[in-house]
Amino acid sequence: MKGQEWYQADDVAEEYDDKRFSRGGQLIDRREKEAVLEAITPVEDRRILEIACGTGRFTVMLAEAGADVVGLDISAAMLQQGRSKSQNAELSGTLEFLRGDAGRLPFPDDHFDTVIAMRFFHLADDPEAFLREMRRVSREQIVFDTFNRFSARSVYNWALPMGSRLYSKSEVSTLLAKTNLTLVDVEDDFLVPYGAYRSIPNSLASPIRTLDTAVGGNPVTDHFASVSYWNTRLR
């Protein structure tokens, strides 16, 4: 995983949500959660693993919706943020946080109904091996996102502290074929890159997002979206 030392720092964990999902970043948070819920619905009673769960944005949401969720992350500081967040949540399902390595998942084969990995695929050193490991512990479904090669993100990607691998649609399709996964659906979004939303207030972010969504709904502009949300099934 790229940027492990940076990611595991206590100060990074403490500021992670505020820096990324406050101000205009709230739009990103809502859209990502919407994408996960749309892919997994119905959520109730499903056994779900989230890899690289970070501060628990998705794990807590899914447990609130009635799933039995395990959140795994390499950062003890991030996991502590997730545990603190869960204490103030009303959980209909169960939630457990574990420290572990995404490349060597500490679970038996076919252990979960669904495995998700949001905001992580771009950091994987060996994406095919990572996808195979996700597949190994899943019975039915794998959900993940990728940052796209032909997007505005490619302009500033080199400057990010953790680095980032960008993917074309054909690259991901090849990975799915190699790992015997069937594509159910893929959604493309955010012509305006994430970094721009995080740096502006909601009052300005909302109209920009409205325009972004309208223009981005065109099949041609979809190719330049910053992120893709992939919903796949095991063959």
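The following paragraphs describe the overall build of a predicted protein model and then some of its local features.

The model is predicted, so local features need pLDDT of at least 70 and side-chain atom pairs count only at pLDDT 80 or more, whereas totals for chains, interfaces and linings use all residues. Residues are numbered from 1 along each chain as its sequence is written, and side-chain values use heavy atoms, with hydrogens and water left out.

The C-alpha trace spans about 45 × 40 × 35 Å along its principal axes. A compact globule of 235 residues would have a radius of gyration near 18 Å, and the 17 Å of the protein agrees with that. This radius is taken over C-alpha atoms, and the globule rule is 2.2 Å times the number of residues to the power 0.38. Of the 235 residues, 50% count as buried, where buried means under 20% relative accessible area, exposed over 50%, and partly exposed in between (1.4 Å probe, protein chains only). The accessible surface comes to about 10,600 Å², and 51% of it belongs to carbon and sulfur atoms; such areas come from the Shrake-Rupley method with a 1.4 Å probe, and for residues only the protein chains shown count as cover. Among contacts (heavy atoms within 4.5 Å) with a separation of 6 or more, residues 24 or more positions apart account for 76%.

The buried residues are Arg57, Phe58, Thr59, Val60, Met61, Leu62 and Ala63. After α4 comes Gly66, with a positive phi near 105 degrees.

Aromatic rings come next. A pair of aromatic rings is described by the distance of the centres and the angle of the planes. Rings of Phe, Tyr and Trp (its six-membered ring) pair if their centres lie within 6.5 Å; planes under 30 degrees apart count as stacked, over 60 as edge-to-face and the rest as tilted. By this rule there are nine aromatic pairs. Phe121 and Phe144 form a stacked pair because their ring centres are 4.6 Å apart and their planes meet at 20 degrees. The two residues are 23 positions apart and link distant parts of the chain: Phe121 sits in the loop between β4 (112-117) and α6 (127-137), and Phe144 in strand β5 (residues 138-147). Phe121 is buried, at a relative accessible area of 0%, and Phe144 is buried at 0% as well. Phe144 also stacks with Trp230, since their ring centres lie 6.2 Å apart with planes at 15 degrees. Trp230 belongs to strand β7 (residues 227-234), so its pairing with Phe144 in β5 ties together parts that are 86 residues apart in sequence. Both Phe144 and Trp230 are buried. Ring pairs join Phe120, Phe121, Phe130, Phe144, Tyr167 and Trp230 into a cluster.

Strand β5 also holds Ser138, which is buried with a relative accessible area of 0%. A polar atom of the Ser138 side chain lies 3.0 Å from the backbone oxygen of Gln141. Leaving aside neighbours within four places in sequence, Ser138 is in contact with Asp110, Phe112, Asp113, Thr114, Val115 and Leu234. Asp110 lies in the loop between β3 (94-99) and β4, and is partly exposed at 42% relative accessibility.

Phe190, another residue that is not a glycine, has a positive phi of about 65 degrees. Phe190 is found in the loop between β6 (181-189) and α9 (194-198) and is buried, at 1% relative accessibility. Over the face of its ring lies Arg209, at 4.1 Å from the ring centre; a charge sits over a ring if NZ of Lys or CZ of Arg is within 6 Å of the ring centre and within 35 degrees of the ring normal. Helix α9 contains Tyr194, buried at 2% relative accessibility. Tyr194 and Ala152 are 42 residues apart in sequence, with their C-alpha atoms 9.7 Å apart in space.

Finally, a cis peptide bond joins Thr41 and Pro42, with omega at about 0 degrees. Pro42 lies in the loop between α3 (25-40) and β1 (47-51).

Definitions and conventions. Helices (H or I, at least four residues) and strands (E, at least two) are DSSP runs, numbered from the N terminus. A polar contact is a pair of N or O atoms within 3.5 Å; within protein, one must be able to donate a hydrogen and the other to accept it, and residues adjacent in sequence count only if both atoms are side-chain atoms.
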